[in-house]
Number of protein chains: 2
Amino acid sequence: MRFTSETSSDGVTEQLFTLDGLPGALWTPDGATGTRPLVLMGHGGGQHKRAPDVLARARRFVTACGYAVAAVDVPGHGDRPKDERYDRLATRNRARVAAGKERAPLVARFQALVARQTVPEWRTVLDALQELDLVGPGPVGYWGVSLGCGLGVPFVAAEPRVRAAVLGLGGALGRAGAAARITVPVEFLVQWDDERVPRGHGLALFDALGSTDKTLHANPGAHGEVPPFELDSAVRFFERHLGRG
Amino acid sequence: MRFTSETSSDGVTEQLFTLDGLPGALWTPDGATGTRPLVLMGHGGGQHKRAPDVLARARRFVTACGYAVAAVDVPGHGDRPKDERYDRLATRNRARVAAGKERAPLVARFQALVARQTVPEWRTVLDALQELDLVGPGPVGYWGVSLGCGLGVPFVAAEPRVRAAVLGLGGALGRAGAAARITVPVEFLVQWDDERVPRGHGLALFDALGSTDKTLHANPGAHGEVPPFELDSAVRFFERHLGRG
């Protein structure tokens with residue numbers, strides 16, 4: 001893990017890093033030392049590790065909870081090179097949707113393919129972050145919706161260090177098996193009028209989660225219109241399950 | 001409105017009252033004077049105005065938010081006389097369910113009948129409470145699940161003074177019309193494995209609410225197993241919409 005920059009604003013230190021060519025960002029309270037909970041964030045499709053809403057969420061978790069927060073670019077996003085294999089598949093899928101094919105199964109298969117790469121990548125990142133003095137072997141949370149849910153479900157299912165997760169804006173197609181293997185507390189977001197994820201698919205993914213402690217929050221509005229009070233709720237959810245930094 | 005007793009414990013004053021023969025309870029912060037938000041609570045079936053969970057919730061809203069909280073006995077419950085008409089109907093419904101009839105439509109019709117009595121009763125109680133110096137014409141909230149939802153939906157729909165409501169554990173049958181007339185913010189509770197309210201009926205009632213600001217919280221478990229953190233959430237929901245006392 002090689003740090004390439006360090007900046008600070010309003011009490012939050014941001015360090016950019018690369019790990020085996022993987023670009024990432026780590027946010028921590030200014031002057032932090034010692035073990036603290038870590039929240040990994042998966043960004044949405046077309047976004048990247050420092051997209052405005054990722055940054056806002058990271059700042060909030062750092063300042064409200066004293067956590068370390070990290071995000072890495074998904075293949076083909078942010079500072080990562082274009083990946084021709086994914087590009088070809090995405091182009092083909094867009095053509096299929098334009099020709100009238102149902103979108104959800106295509107997205108599910110695409111994200112399952114990408115997850116085969118990101119699950120081991122994120123586990124390696126987690127290994128390296130927990131070696132840092134200002135992170136350490138504390139409890140780990142995961143936050144990811146939409147693409148961050150599609151990649152997050154298999155990650156949380158595979159990674160026993162993750163002790164609580166906020167997921168959502170994703171459906172059960174192709175993910176029910178991994179979801180059933182998740183047993184940690186989950187706060188799950190559904191947008192009631194989601195134009196990308198059919199309502200029933202989102203409810204089915206919540207239903208498929210193996211966790212006994214899971215809570216569904218559904219709000220009116222489109223895919224991108226999760227209300228701001230859900231970030232307040234995520235803060236309290238993580239504090240309940242990871243404690244404070 | 002005639003007050004019949006006043007007691008105080010741990011900072012909360014409880015006054016029992018009767019109004020036109022209707023028995024009720026009012027909880028306020030010790031020594032309260034002046035206008036403050038008021039939360040009316042509808043109790044569950046077979047419960048009453050001072051059932052343990054009603055009391056616990058009332059204490060919490062008073063101590064956390066500085067609110068006034070009030071509850072009255074539903075006809076045939078608590079300190080009210082038995083009502084032969086309701087008793088006969090309840091007995092007949094139990095026999096019908098035992099004979100294999102679907103429970104939900106019978107409950108819906110029964111609660112619609114009771115609501116014809118409770119909606120005007122609760123409005124009269126609200127009139128009288130707002131005359132009190134320590135309540136006054138502040139914003140009003142409503143909290144009620146199960147029977148408290150069945151009676152609460154028509155009440156909230158009819159009463160413009162109610163500015164926010166926590167509802168849930170009830171279905172859409174016979175209530176979709178009233179639900180559509182509700183336009184204030186609603187936090188709506190669904191128990192994912194509710195043995196009394198089919199999941200689809202609860203989701204349909206949330207869907208039917210006319211409010212643009214509504215949020216669904218669903219949790220695993222049976223009808224009576226709403227997790228304790230939902231009371232924390234209700235506190236924040238009311239603070240967001242009614243302010244603090």
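I begin with L147(B), which is placed in helix α4, residues 147-150 of chain B. Please bear in mind that this is a predicted model.

Is L147(B) buried or exposed? The residue has 24 C-beta neighbours inside 10 Å, and the threshold for a buried residue is 20 or more, so L147(B) counts as buried. Leaving aside residues up to four places away in sequence, L147(B) touches G42(B), G44(B), G45(B), V74(B) and Q111(B). Between the C-alpha atoms of L147(B) and P228(B) there are 19 Å, and the two residues lie 81 residues apart along the chain.

I turn next to the nonpolar core. The largest one has 137 residues, and V69(A), A70(A), V69(B) and A70(B) are those with the most contacts inside it. Helix α3 of chain B, residues 103-130, gives the most to this core, with seven residues. As for A70(B), its contacts beyond four places in sequence are G24(B), A25(B), L26(B), L38(B), L40(B), V125(B) and L129(B).

Finally, a pair of helices. In chain B, helix α1 (residues 52-65) packs with helix α8 (residues 229-242) at an angle of about 50°, the axes being 11 Å apart. The two helices are therefore oblique to each other, and α1(B) passes α8(B) in a right-handed crossing. Which residues meet there? From α1(B) come R57(B), R60(B), F61(B), A64(B) and C65(B), and from α8(B) come L231(B), V235(B), F238(B) and E239(B). By class, this contact has six nonpolar and three charged residues, with no polar ones.

Note on methods: Residues numbered from 1 in each chain as written. Chains lettered and ligands numbered in written order. Predicted model: local features only at pLDDT ≥ 70, side-chain atom pairs only at ≥ 80, totals over all residues. Axes fitted to C-alpha atoms, helices over the stretch in contact; angles between N-to-C directions. Helix = DSSP H or I, 4+ residues; strand = E, 2+ residues; numbered from the N terminus. Parallel < 35°, antiparallel > 145°, perpendicular 65-115°, else oblique. Left-handed = near helix turned anticlockwise from the far one by under 90°. Contact = placed C-beta atoms within 7 Å. Nonpolar A, V, L, I, M, F, W, Y, C, P; charged D, E, K, R; others polar. Core = buried A, V, L, I, M, F, W, Y, C linked by C-beta atoms within 7 Å. Buried ≥ 20, exposed ≤ 12 C-beta atoms within 10 Å, placed from the backbone.
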